[in-house]
Amino acid sequence: QVHLVESGGELVQPGGSLRLSCAASGSISSINAMGWFRQAPGKEREFMGARRLATGTTYLADSVRGRFSISRDASSNTIYLQMTSLKSDDTAVYFCAAGRPVTSTARTVRGYTSWGQGTQVTVSS
């Protein structure tokens, strides 16, 4: 199995930037993609973005395209979610995920089998 450890969530002002980190360990060969989701109180878990580890193919949610980006440090099996121009609507718990999704599930919760603990991002003045 793959273990995921997240960090970087904090209180940030509107318009600010933040980078979340997710380090993977364990059976790295058993996954081919890592991604980010978020969940606000009373709402469904929402896809943010993902990256295929071997090919570099990336997926981004329309809601954050142009503001958020996914990057990877292969040497440490770490992916990052770089967030800019943050808004109050971005406030949520952000989760890292890993798995072997097919194209049709790469943007969905069911496409991933390993999850991090979540890290709180709060955007407020």
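Author: Two strands pair if DSSP finds at least two bridges between them; strands themselves (E, at least two residues) are DSSP runs, numbered from the N terminus, as are helices (H or I, at least four). This is a predicted model, in which local features need pLDDT of at least 70, side-chain atom pairs count only at pLDDT 80 or more, and totals for chains, interfaces and linings use all residues. Residues are numbered from 1 along each chain as its sequence is written, and side-chain values use heavy atoms, with hydrogens and water left out.

Reader: What makes strand E3 and strand E8 a pair?

Author: Strand E3 (residues 18-26) and strand E8 (residues 78-83) share six bridges in the antiparallel sense, and the definition asks for at least two, so they count as paired. Within E8, Gln82 is the bridge partner of Arg19. Both strands belong to an open sheet of four strands, ordered E1-E3-E8-E7 with antiparallel pairing.

Reader: Why are E1 and E7 called edge strands?

Author: Strand E1 (2-7) and E7 each pair on one side only. The twist in this sheet averages 20° from one strand to the next; axes are lines fitted to C-alpha atoms, for helices over the stretch in contact, and angles run from 0 to 180 degrees between N-to-C directions.

Reader: Which strands does E4 pair with?

Author: Six bridges join E4 to E5, and the two run antiparallel; Trp36 stands opposite Gly49 in E5. Seven bridges join E4 to strand E9 (residues 92-99), again antiparallel, with Val93 in E9 as the bridge partner of Gln39.

Reader: Why is E4 described as largely enclosed?

Author: Six of the seven residues of E4 are buried, so the rest of the structure largely encloses this strand. Buried means under 20% relative accessible area, exposed over 50%, and partly exposed in between (1.4 Å probe, protein chains only).

Reader: How do you know that Ile70 is buried?

Author: Ile70, in strand E7 (residues 68-73), has 12% relative accessibility, which is under 20%, so it counts as buried. Among the residues that Ile70 touches, not counting those up to four places away in sequence, are Trp36, Gly49, Leu60 and Tyr80; contact means heavy atoms within 4.5 Å.

Reader: Why is Arg19 said to sit over a ring?

Author: The term requires NZ of Lys or CZ of Arg within 6 Å of the ring centre and within 35 degrees of the ring normal. The charged end of Arg19 sits over the ring of Tyr80, 4.2 Å from its centre. Arg45 likewise lies over the face of Phe95, at 3.7 Å from the ring centre.

Reader: How do you know that Cys22 and Cys96 form a disulfide?

Author: Their sulfur atoms are 2.1 Å apart, and a disulfide is a pair of cysteine sulfur atoms within 2.5 Å, so the pair qualifies. The torsion about the S-S bond is about -80°, so this disulfide is left-handed. Cys22 lies in strand E3 and Cys96 in strand E9, so the pair ties together parts 74 residues apart in sequence.
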